[in-house]
Structures are given as structure tokens and as C-alpha cells.
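Here's a quick briefing on the pockets of one protein model, plus a few residues worth a look. Have the viewer open as you read.

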Amino acid sequence: MSDFAYRVTPSPVGDILLVVGEEGLVSLHPFDGPVDHELQRLSESLPGPLAPDDTAGQDAVDQLAEYFAGDRTSFGLDLDWRLVQGFTREALQAVCRIPYGETAGYGEVAVEAGAPRAARAVGTACARTPFSIVVPVHRVVRADGSIGEYGGHPEVKRFLLELERDAGV
């Protein structure tokens, strides 16, 4: 038996890799390229083996489907924060408090995370999050209101922001 199970699920923003351990969701993010590269990268950070499992993270898959259908405004998943420490974790937990359909600047998130001068560190935290979508880093925007890069995929960030705006919840 493996310590961590993974599966790939399709979504409107591309294939999403989910990794689940005993304590909850370890990673969830869209990816480009071969899944083997993503798995190799993750396996270097995890203390146990990864094994495919088509049933892993079914709650996350169901909640993602509801989110993309416009029927879910927040996620009720157990997150295993093992890949995130220090200020990065504080910043990402502050991001979780940005309401559905709204945005906040990197500086605002820094203040919320208790480090008002750490806007750049918030940007780094958002770029390195192991939890895309369920930790809504897409809601964090630049001070001038522009959306930024979102891991080199601004079209995905734009899609998510428009999805939330258009859901009108």
C-alpha cells in the first residue's frame, strides 16, 4: 500500500493532478506536459511512495465539478499542508479568506497574513501553492488591478475570475 495516492481528472482549465494522503489533500493543481514530470517533482518532497488510484480524492473531484458548474463557492476539503511552511502557509491561509467572486491585492494579503511589507513574498507563496483553485490564489491580483501571470497561465486565472463573477452568487 502506498502512503500517497494520485489521480488525474479533467476540468475546464485542463487536467488536474490530485495527490491525497492520510491527512487529506496534499496537492491539487492543473498541469501541462506529462504527468510523470509532475509526479517526479512531488515524489521528491513526499516521505512515501505515490501510487495511482482512480478513486483518490473523490470529494475533491466532486467539489471541483460543483465549483466549475457554478454551484459551489467554497471547498470543504481536508488540506495536508506538509508541503507549505512558515510565511508561505500564513499567506495561503489568508488567501483562503478572500470571498468568492472578489479579489485582493498582494499587499492586502500580506497585511492579512501579519506581514504588511511582504507583498512580494505573497506573490511567491501564490506561485508555489500546492493547492490551486481550492486555495483561491487566482483571487490575488496586482496593486493596479491587473491579474498577473498565474504560473504563466493568465488565461486560466482570467477564466476562474470570470467563472466566479458570472456565477453571480
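This is a predicted model: local features need pLDDT of at least 70, side-chain atom pairs count only at pLDDT 80 or more; totals for chains, interfaces and linings use all residues.

Residues are numbered from 1 along each chain as its sequence is written, and side-chain values use heavy atoms, with hydrogens and water left out. The largest pocket comes in at about 830 Å³.

**The largest pocket**

- A pocket here is an open set of points on a 1 Å grid over the protein atoms alone, where a 1.4 Å probe fits and protein lies on both sides within 12 Å along at least five of seven lines; lining residues have an atom within 4 Å of a point.
- Its volume is the space filled by probe spheres set on the points, with grid points joined across faces, edges and corners.
- The lining has 35 residues, and those closest to the pocket centre are Cys 126, Ala 127, Thr 129, Ser 132 and Gly 151.
- Strand E3 (24-30) and helices H1 (35-43), H5 (119-128) and H6 (154-167) each give the lining at least two residues; helices (H or I, at least four residues) and strands (E, at least two) are DSSP runs, numbered from the N terminus.
- H5 makes the largest contribution to this lining, with five residues.
- Sorted by class, the lining holds 13 nonpolar, 13 polar and nine charged residues, where Ala, Val, Leu, Ile, Met, Phe, Trp, Tyr, Cys and Pro count as nonpolar, Asp, Glu, Lys and Arg as charged, and the others, Gly among them, as polar.
- Domain 1 (4-69) and domain 2 (86-167) each put at least three residues into the lining, with bounds taken from an automatic or database domain assignment.

**The second largest pocket**

- This one holds about 180 Å³ of space.
- Among its lining residues are Phe 75, Leu 77, Cys 96, Ile 98, Ile 133 and Arg 139.
- Its lining splits into eight nonpolar, three polar and one charged residues.

- In H1, Glu 38, Leu 39 and Leu 42 are buried (under 20% relative accessible area; exposed is over 50%, partly exposed in between, with a 1.4 Å probe and protein chains only).
- These three sit on the same side of H1 because they cover an arc of only 95° around the axis, the arc being that of the directions from the helix axis to the C-beta atoms.
- Asp 36 and His 37 are exposed on the face of H1 turned away from its buried side.
- H5 buries Val 122, Ala 125 and Cys 126, which share one side of H5 because their arc around the axis is only 95°.
- On the face of H5 turned away from that side, Arg 120, Ala 127 and Arg 128 are exposed.

**Single residues**

- Arg 120 has 76% relative accessibility, so it counts as exposed; its C-alpha is 8.1 Å from that of Gly 107, 13 residues away along the chain.
- Ile 133, in the loop between H5 and strand E6 (140-141), has a positive phi of about 70° although it is not a glycine.
- Most residues other than glycine have a negative phi.
- Ile 133 counts as buried because its relative accessibility is 2%.
- Gly 21 belongs to strand E2 (residues 16-21) and is buried, with a relative accessible area of 13%.
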